[in-house]
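Subject: Structure handover

Hello,

The sequence and structure are placed below for your files. My notes on them follow.

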Amino acid sequence: MATTNDLKNGMVLKLDNDQLWSVVEFQHVKPGKGPAFVRTKLKNVLSGKIVDKTFNAGVKVETATVDRRDMQFSYMDGDYFVFMDMQTYDQLHVARAAVGDAANFLIEGFTATVATHEGEVLYVELPAAVELTIQETEPGVQGDRSTGGTKPATLETGHQIQVPLFITTGEKIKVDTRTSDYLGRVNS
């Protein structure tokens, strides 16, 4: 248990029938009249839904213990992604639903943060940007246009993104894991 005065960004709370909510941002408000309160923006850990919630100052809230560990992606086992804990070498099978969009950027050997609560995997989080190789893309054709054009490219994971026309098959690029945006070439 903690009070609303102890809230920090990233803290996970257990609210509304044991649902887990992560604190995205919070603000302590002391109006001229009336009692102080805490205005928060909370994100549901499982669904990703974001809500605004206001608490009276000093109210007790139940916190949840979320274990976040860096694990290395080893291989696919049917519909499960197998991650290995680099300290204990234990293997963890994670369902595709818990991996979510991170599956578009996972290749063997990548390190990801796996968050668990009471033995249940909540989510898999990748770094903000990863380096991947272009598996296939059409040659860029220069034409009449006033701004830089883009073309579809398939990454080594099978995920398709938009890249500038000058990118060729086999090049290593940096990709934003949150938006699937091309960030730049990787110099070898």
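**Aromatic cluster**

Phe73, Phe81 and Phe83 make up one aromatic cluster. This is a predicted model, in which local features need pLDDT of at least 70 and side-chain atom pairs count only at pLDDT 80 or more, while totals for chains, interfaces and linings use all residues. Residues are numbered from 1 along each chain as its sequence is written, and side-chain values use heavy atoms, with hydrogens and water left out.

Rings of Phe, Tyr and Trp (its six-membered ring) are paired if their centres lie within 6.5 Å; planes under 30 degrees apart are called stacked, over 60 edge-to-face, and the rest tilted. By this rule there are 2 aromatic pairs. Phe73 and Phe81 form a tilted pair, 5.6 Å centre to centre with 45° between the planes. Phe73 and Phe83 are also tilted, at 5.6 Å centre to centre and 55° between the planes. This second pair links distant parts of the chain: Phe73 is in strand β7 (residues 67-77) and Phe83 in strand β8 (residues 80-85), 10 residues apart. Strands (E, at least two residues) and helices (H or I, at least four) are DSSP runs numbered from the N terminus.

Phe73 is buried at 4% relative accessible area, Phe81 is buried at 3%, and Phe83 is buried at 0%. Buried means under 20% relative accessible area, exposed over 50%, and partly exposed in between (1.4 Å probe, protein chains only).

**Annotated domain**

UniProt, in an unreviewed entry, places "domain: Translation elongation factor P/YeiP central" at residues 68-122. UniProt positions are in the numbering used here, feature names are shortened, and annotations may be inferred rather than shown by experiment. Over residues 68-122 the chain is 56% strand and 7% helix, with the end C-alpha atoms 10 Å apart.

**Largest pocket**

A pocket is an open set of points on a 1 Å grid over the protein atoms alone, where a 1.4 Å probe fits, with protein on both sides within 12 Å along at least five of seven lines; lining residues have an atom within 4 Å of a point. The lining of the largest pocket has 29 residues, and Lys43, Val45, Tyr123, Val124 and Glu125 lie nearest its centre. Elements giving two or more residues to this lining are β3 (19-29), β4 (37-44), α1 (96-99) and β11 (120-125). The largest share, 4 residues, comes from β11.

Regards
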